[in-house]
Amino acid sequence: MKKVLLRITLYVVVFAVFFAGVGVMGILHFRKNFYSTTFDLPAPSLQGIEPPVYDPQKPTVAVLMGNVTTEDFDFLIPYDLFSRTDAFNVYAVAPDKNIKPLTGGLDVVPHFTMAEIDAKLGKSPDIIVVPQMIRTDEEGYKPIREYMQQHADTTIISICGGAENLADSGLLKGKSANTHWQGVATAKSSFPDTTWRDDLRYIDNGNIIVTGGQMAGIDGVLHLIEKKLGEAAALKVAQEIHYPTYSFVTNPKVDPFKVDVRLSTYYLNNAFQWNKTDLGVLLYNGMDEMELSTIFDTYADTGTTRVLTLAASENPIVTKHHLNLISRHTFAKAPNLDRLIVPGTDAKTLAASDVAQWKQKGTGLQPLYIHADQPDRFVFEAPLEDLAKQEDVLTAKHAVKRLEYRANHVTLEGPALPYETYGELLLLTVLVLMATIAVDRRFLLKKAPATTSSPTRRY
């Protein structure tokens, strides 16, 4: 009986250690690549980079960037939406002007430091946007926290996980707030002096607006545009981007999301899918920031795909609204890619020269114009549908939910389940079982030496 219990304990412990170890390593590796990615290549020349022209007649929006990594949706989407109104000066603002990474591996050159923007304006920016900014480097993050505290009377809007940055600065004490639905429990535990809600797309506390996860940020920004410029201006932007759920701008009340099997698929993909798809995204001058964001937000945060930026040269890329991007790879030093996407409804025109150069390289990898053939759709829909074909429907369904997309305009077709992830999980199970059986046979089933009877003495 004792040996049976020992064997059971052995199998349980070995399986737990191996699966937990491999799974944790997989998740940590993903989080490092997604949230802590850094531009570690020789920096190209940044001379000649200019911020958008300042118009003293327009109010100014400062979209903050962290000292470590900033969530790409939280940064790019409000930057794009405020810029589309043509009624604001919109700038990327950071503690310094070094190249700053966004989650997933997109790199941006800030327009101004926080000190520079205040000096240029002679006052606080009229609106400060707070995206999710990683706070692992306490000393480097301290100036960002202090900047928010010093501008507490300014109009401030946080996007998604940026709510926790605001809470960390003390600006949400005694207020109601929300954040991404997957982070509400953590926020409640970390900042109990704030009332955290999960049934509103955004919450307006007067000069501080807090939005929920990702696409709820669109609702919050459109709401703020309506407050500052009127409903017609907000509706015009929504129609321009073909936003299907403008109703949430006027009524942000929703049914809270609940954890379901799709979340387990997300973590299994992160933990156990080892053969990631290497997806190149072509950067080119004049590209739209929101269309670019759809690639990083849809594919990079799934556990299935590495998104790699690619450009014709090392020169900075200037987007439609004058954001300066740096590519990590050039055509001359392109990594081996499984796919290449060219985002943008106008990509066939704006990126024509770049695509021609790519084709001259002779890799045979044909670029996919993911938005150009569907210009009248909300730009996140085609990538979500493509993700289902590249990976599987369950992974894509979680991406829809993770993005807090609440419209029924997406048709997901592809493999039903992440068979590759489950296959690798099964392979690991077999390997661990074989290793455990080997240990069992070597040590626990080893028979004790047979006892030999003493020879009978004859007298």
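Me: Which residues lie nearest the centre of the largest pocket, and how many residues line it?

Reply: Rolling a probe the size of a water molecule over the atoms shows where empty space is left. In this predicted model, the largest pocket is lined by 37 residues. Arg31, Tyr35, Gln132, Gln182 and Gly183 are the ones that lie nearest its centre. The volume of this pocket is about 960 Å³.

Me: Which helix supplies the largest share of the lining of the largest pocket?

Reply: Helix 1 does, with six residues. Helix 1 (2-35) is one of four helices that each supply at least two lining residues; the others are helix 5 (162-168), helix 6 (184-190) and helix 10 (261-272).

Me: How do the residues of that lining divide into nonpolar, polar and charged?

Reply: The lining of the largest pocket has 15 nonpolar, 12 polar and 10 charged residues.

Me: Turning to strand 12, why is it largely enclosed by the rest of the structure?

Reply: Buried here means under 20% relative accessible area. Strand 12 (residues 277-282) is largely enclosed because six of its six residues are buried. Thr277, Leu279 and Val281 cover one side, with Asp278, Gly280 and Leu282 on the other, and all are buried.

Me: Which strands pair with strand 12, and in what sense?

Reply: Strand 13 (residues 305-311) pairs with strand 12 in the parallel sense over six bridges, and Thr305 is the bridge partner of Thr277. Strand 17 (residues 339-342) also pairs with strand 12 in the parallel sense, over three bridges. There, Arg339 stands opposite Leu279.

Technical notes
Residues numbered from 1 in each chain as written. Predicted model: local features only at pLDDT ≥ 70, side-chain atom pairs only at ≥ 80, totals over all residues. Heavy atoms only, no water. 1 Å grid on protein atoms, 1.4 Å probe; cavity = no way out; pocket = protein on both sides within 12 Å on 5 of 7 lines; lining within 4 Å. Points joined across faces, edges and corners; volume = space filled by probe spheres on them. Nonpolar A, V, L, I, M, F, W, Y, C, P; charged D, E, K, R; others polar. Buried < 20%, exposed > 50% of the residue type's maximum accessible area, 1.4 Å probe, protein only. Pairing = 2+ DSSP bridges.
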